[in-house]
Amino acid sequence: MRCAEHCEVVANRPVATNQFEIEIHCPTVALHAQPGQFVQMRVQSGYEPLFSRPFSVFRRFPDRGNFSVVYLARGTFTRMLAGKKPGETVFVVGPLGNRFSVRQPANEMLHVLVAGGVGAPPLYLLAEEMVQLGIPRHRIVVVNGARRQDLLVCQEHFAELGVHLWAVTEDGSLGERGKVTDVLKSLYQRGELPHDRCQVYACGPTAMLEAVAQFAQKHALPCQVSMETLMPCGLGVCLGCAVKVRTAEGADYKRACVDGPIFDATEVVWG
Amino acid sequence: MSKVKMEVHLGPLRLQNPVLVASGTFGYGSEYADLVDLNRLGGIMVKGTTLHPRAGNPMPRMVETAAGCLNSIGLQNVGVEAFIREKLPFLRQYRCAVIVNIAGDSYEEFEQLAERLDGVEGVHALEMNISCPNQEKGGIHFGVDPESTREVVRRVRQRTRLPLIVKLSPNVTDITVNARAAVDGGADVLSLVNTFVGTAIDAKTRRFKLANITGGLSGPAIKPLALYMVWQVAQAVKVPIIGMGGIMNATDAVEFLLAGASAVAVGTANYVNPRVSIEVLEGIEQYLREQGETDVKHIVGTVKRCKPGNEF
Ligand SMILES: Cc1cc2nc3c(=O)[nH]c(=O)nc-3n(C[C@H](O)[C@H](O)[C@H](O)COP(=O)(O)OP(=O)(O)OC[C@H]3O[C@@H](n4cnc5c(N)ncnc54)[C@H](O)[C@@H]3O)c2cc1C
Ligand SMILES: Cc1cc2nc3c(=O)[nH]c(=O)nc-3n(C[C@H](O)[C@H](O)[C@H](O)COP(=O)(O)O)c2cc1C
Ligand code: FES
């Protein structure tokens with residue numbers, strides 16, 4: 001089930017520097033969105049910018065018929081979105097794309113969720129689902145990274161879930177100093193990432209995804225990544241979101257919006 | 001509410017209404033089927049189809065520009081056999097016309113595509129995309145050289161009984177020359193326009209934004225250019241025209257009809273709002289009622305010159 005409709009903004013509140021959580025009334029997305037899926041949003045009536053923008057679903061409130069996304073106000077569209085007031089509407093198409101798949105037997109697995117900046121929201125939805133599925137909280141490891149403390153998102157939400165949580169900042173202003181891969185490395189060295197019972201899920205900037213994918217490959221850890229590309233249509237039609245992948249027949253393109261955004265890290269041709 | 005007649009006949013091709021969706025902007029229909037009632041569309045012009053599957057151009061292959069976008073997709077598609085086998089059965093369930101957009105690198109490829117699709121159940125017309133590089137002629141485009149246009153259309157005409165739509169490239173000095181050549185070759189209908197060649201540069205990194213350097217410009221930015229070309233061609237030839245280029249709403253579509261198009265195709269706007277084609281259809285009906293018109297045919301080509309205003 002997906003929809004394409006004008007939806008009412010319920011709340012639009014700051015959550016970190018230049019970052020906001022917008023809550024939107026849209027029963028279809030509230031009921032059906034899965035971890036890793038996204039919506040296309042549009043607020044502008046004119047042609048600047050022309051296209052909708054993709055945002056991952058962060059929280060679902062099925063009883064209220066609402067969902068929310070966390071976004072970074074960084075460009076034309078996201079700044080317009082930041083100006084949206086409760087009672088105003090946004091045009092929403094979704095939920096779209098595939099989802100993170102939680103491999104079984106879930107209980108024996110260690111699930112490692114690696115977030116970079118505004119990559120955290122869909123991983124929060126995933127962690128929440130894992131808890132609801134009955135996966136023991138100590139088997140859910142979240143490595144949440146950002147450049148600085150004030151750019152780190154969803155930290156308190158992960159903390160409330162009671163999962164095994166690591167904060168990482170490049171300047172050391174909160175948690176470990178360094179990058180998410182530094183934490184992964186030290187966990188690995190301590191023998192806390194058993195390669196035969198470990199699944200990595202990553203969402204964040206492409207450079208981070210590539211580093212996480214390399215780490216996972218080196219240690220033979222299965223890894224799913226959420227790819228960020230420009231998504232003009234989000235429906236699998238324009239082919240503007242293509243991701244280069246390896247197939248049995250050689251290199252090919254897949255569409256990040258419908259074949260993804262979640263890909264097996266070994267499938268992606270990086271760089 | 002009085003009903004307005006929306007059926008249109010484009011030469012041998014009958015459409016239940018004049019609103020189509022443009023090739024490359026609506027996939028194979030299935031992508032939109034849960035959001036758009038395909039039975040209400042006049043027709044679907046499916047993604048450009050080649051003889052063999054194509055992987056398309058390197059990334060990045062699409063950029064947003066002021067009121068438009070540049071694409072250099074490079075005709076990524078499943079190829080004609082997979083189209084017939086995997087995509088067409090789905091489309092056959094619907095009432096709307098299915099128009100297959102075909103593209104080839106040589107005369108022979110166009111001929112083979114036309115022959116293969118002729119008589120295939122569920123294909124209602126062919127649209128020839130003749131703005132692809134013609135390898136036989138060392139990079140000249142079929143759609144740019146009038147002689148090649150006439151010849152490729154003539155050859156395809158001999159291989160198919162399907163209504164033949166020829167899609168003109170706007171990247172020419174005088175589009176009416178190519179329009180006449182296509183009609184001479186045997187085109188039943190002309191569709192225009194395809195995208196305008198352009199580029200985009202990132203000043204910060206001093207790089208072209210597209211891996212392919214150039215791409216085709218579409219969207220609202222091209223509407224005035226497309227509208228003028230439709231009007232010019234409507235003056236120059238007798239065959240019906242499908243007008244497109246930057247149609248974002250019903251008013252834009254009506255302008256194309258007034259300029260001389262008998263039907264319209266919605267392109268890039270489908271990306272912005274998947275339901276826009278239905279909104280365009282309903283908006284045209286509403287416009288006709290407001291104007292006291294009973295049949296969409298009555299407004300085609302009825303644009304009038306403006307009266308000179310008061311002098312200041
Ligand atoms: C599946 C998916 C889910 C996403 N989820 C979220 C989310 O939950 N929260 C969030 O804040 N953002 C998310 N994004 C990214 C978001 O779509 C972009 O931030 C947005 O397009 C920026 O639009 P803008 O008009 O504000 O910026 P623009 O003016 O278009 O660009 C501003 C800057 O952002 C860069 N940029 C623009 N679009 C993208 C993109 N798609 N990927 C990477 N860089 C981009 C530009 O190159 C430029 O440097 C997601 C992207 C994808 C593909
Ligand atoms: C991403 C994209 C892919 C396209 N692919 C095709 C194609 O395969 N064949 C074709 O004849 N036209 C193709 N077109 C051109 C459109 O059908 C249409 O002629 C053009 O975009 C102008 O209309 P618009 O401004 O409403 O989009 C494509 C356009 C876009 C944006
Ligand atoms: S965004 Fe258009 S195909 Fe993926």
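Ligand 2 lies between chains A and B. The model is a predicted one, in which local features need pLDDT of at least 70 and side-chain atom pairs count only at pLDDT 80 or more, while totals for chains, interfaces and linings use all residues. Residues are numbered from 1 along each chain as its sequence is written, chains are lettered from A and ligands numbered from 1 in the order in which they are written, and side-chain values use heavy atoms, with hydrogens and water left out.

A residue counts as near a molecule if one of its heavy atoms lies within 4 Å of it. Around ligand 2 there are 26 residues, and B:Ser23, B:Lys167, B:Gly219, B:Gly246 and B:Thr268 come nearest. By kind, the shell divides into 10 nonpolar, 14 polar and 2 charged residues. Here Ala, Val, Leu, Ile, Met, Phe, Trp, Tyr, Cys and Pro count as nonpolar, Asp, Glu, Lys and Arg as charged, and the others, Gly among them, as polar.

Polar contacts are pairs of N or O atoms within 3.5 Å; within protein, one atom must be able to donate a hydrogen and the other to accept it, and residues adjacent in sequence count only if both atoms are side-chain atoms. A backbone N or O atom of B:Ser23 lies 2.7 Å from an oxygen atom of ligand 2, and one of B:Gly246 lies 2.6 Å from an oxygen atom of this ligand. B:Asn101 uses a polar side-chain atom instead, 2.8 Å from an oxygen atom of ligand 2. On its own, ligand 2 exposes 610 Å², and the protein buries 97% of that. Such areas come from the Shrake-Rupley method with a 1.4 Å probe; for residues, only the protein chains shown count as cover.

Ligand 1 has 17 residues around it, of which A:Pro54, A:Val70, A:Phe77, A:Thr78 and A:Glu228 come nearest. The shell holds 9 nonpolar, 5 polar and 3 charged residues. A polar side-chain atom of A:Glu228 lies 2.4 Å from a nitrogen atom of ligand 1. A:Val70 has a backbone N or O atom 2.8 Å from a nitrogen atom of the ligand, and A:Thr229 has one at 3.1 Å from a nitrogen atom. Of the 860 Å² of accessible area that ligand 1 has on its own, the protein covers 76%. Strand 4 of chain A gives the most to this shell, with 4 residues. Helices (H or I, at least four residues) and strands (E, at least two) are DSSP runs, numbered from the N terminus.

Next comes helix 6 of chain B, residues 250–259. Because 8 of its 10 residues are buried, the helix is largely enclosed by the rest of the structure. Buried means under 20% relative accessible area, exposed over 50%, and partly exposed in between (1.4 Å probe, protein chains only). The buried residues of helix 6 pack against helix 5 (223–236), strand 15 (241–243), strand 16 (263–266) and helix 8 (276–290) of chain B. At the N-terminal end, B:Asn249 caps helix 6, with a side-chain oxygen 3.2 Å from the backbone nitrogen of B:Thr251. After the helix comes B:Gly260, whose phi is positive, near 130°.

Finally, B:Arg180 lies in helix 4 (residues 175–185) of chain B. B:Arg180 is partly exposed, with a relative accessible area of 41%. Leaving aside neighbours within four places in sequence, B:Arg180 is in contact (heavy atoms within 4.5 Å) with B:Ala236 and B:Val237.
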